Amino acid sequence: MNSDYKIILQYDNRQNATKGSLIKFFRSLGLTVNTSTKARGNLGLYTKNRIDISKDIEEDRVVPTLVHEFAHHIHYKIENTDISKGGTLEKLFDTKDTDEIRKELVELTASTDYDKRSEVLKSLKEKTSKTIQKLQYLIKEDYPDFQRSKAFKEFDKYVRNSNARYLLKYDVVRIREGFFFPKSKILSVANLEKDFPDMPKAFVYYIRLKSEQRKQTKITRRMNKMGKYFLKPTELFARYVQNYFCTPSEVREKTPNTTRRFEELLKRGYYFELKDLFELYSARN
């Protein structure tokens, strides 16, 4: 163990681990640590031998994020591959029997960040779905045979020569009007009644319905992307290490099989300097 960081951290434990002490430890290992970037829109980011922590991160999330990104560094050393592809639990836990480990890690992740973020998106999706149903009901008051799955012929005929047709694909558009001295004009779904005062109400509702459908598609896409991201082996491992560092007793209870294997490998030095990290902050073991 490097004596320089041992002296720096000899009075620390995991409960009072600080941003400064962790950064000194990581830098003593040859890592570059930046705290003044936007981390590409994330709380933190790891690229080969470099950790970026967002300058906008909340103070109470700095230490967990530092540990999380350091776990990615350890993963890179173990698997020595592009961890953005996700890696493998088999290599991370040095075993072919990963079924129980995967199950525990997924449940642990679902009870933390993933579950919170997915609940927000689920709520937005439900709200959008209700708005779509309401708009459909309003359209049916004037056009009882209207169906979302079929062409709305009356609307198509009306909008054919209207600039409102652009709002079927976009919420906001800029158009140019006039031949000799064209002027720019902004049209938006939010200002339909103002931009098209003569448009029948049912057609206004239809354009808004199409807008809500686009929103719903985007939310679904984000949910699918987030699910794939959070359930990558590298993310499952990093969140496990982060939580094990911050709340070891709770994590041991939730993930007995994973923790048993993790601690065996940790003692053997399989996780390289991760062993040093836990030795330095051993007060809560």
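Visitor: How many salt bridges does a search of the whole structure find?

Guide: This is a predicted model, in which local features need pLDDT of at least 70 and side-chain atom pairs count only at pLDDT 80 or more, while totals for chains, interfaces and linings use all residues. Residues are numbered from 1 along each chain as its sequence is written, and side-chain values use heavy atoms, with hydrogens and water left out. A salt bridge is taken as a side-chain nitrogen of Lys or Arg within 4 Å of a carboxyl oxygen of Asp or Glu. By that criterion, the number of salt bridges found in the whole structure is 12.

Visitor: Which residue forms a salt bridge with Asp94, and how many residues apart are the two?

Guide: The partner of Asp94 is Arg268, with the closest N and O atoms 3.4 Å apart.

Visitor: Is Arg268 buried or exposed?

Guide: Buried means under 20% relative accessible area, exposed over 50%, and partly exposed in between, with a 1.4 Å probe and protein chains only. Asp94, at 36% relative accessibility, counts as partly exposed. Because its relative accessibility is 54%, Arg268 counts as exposed.

Visitor: Which residues do salt bridges that share partners join into one network?

Guide: Arg261 forms a salt bridge with Glu264, the closest N and O atoms being 3.1 Å apart. These two residues lie 3 residues apart in helix α12, so about one helical turn separates Arg261 from Glu264. Through salt bridges that share partners, the members of one network are Asp94, Arg261, Glu264 and Arg268.

Visitor: How far apart are the closest N and O atoms of Lys201 and Glu193?

Guide: Lys201 is partly exposed, with a relative accessible area of 46%, and Glu193 is also partly exposed, with a value of 33%. The two form a salt bridge in which the distance between the closest N and O atoms is 4.0 Å.

Visitor: What angle lies between the planes of Phe152 and Phe203?

Guide: The structure holds 26 aromatic pairs, where rings of Phe, Tyr and Trp (its six-membered ring) pair if their centres lie within 6.5 Å, and planes under 30 degrees apart count as stacked, over 60 as edge-to-face and the rest as tilted. Phe152 and Phe203 are both buried. Their pair is edge-to-face, with 5.7 Å centre to centre and an angle between the planes of 80°.

Visitor: How many residues apart in sequence are the parts that the pair of Phe245 and Tyr281 ties together?

Guide: Phe245 and Tyr281 form an edge-to-face aromatic pair, 5.5 Å centre to centre with 70° between the planes. Phe245 counts as buried at 1% relative accessibility, and Tyr281 counts as buried at 0%. Phe245 lies in helix α10 (residues 233–246) and Tyr281 in the segment after α13 (274–280), so the parts tied together are separated in sequence by 36 residues.

Definitions and conventions:
Helices (H or I, at least four residues) and strands (E, at least two) are DSSP runs, numbered from the N terminus.
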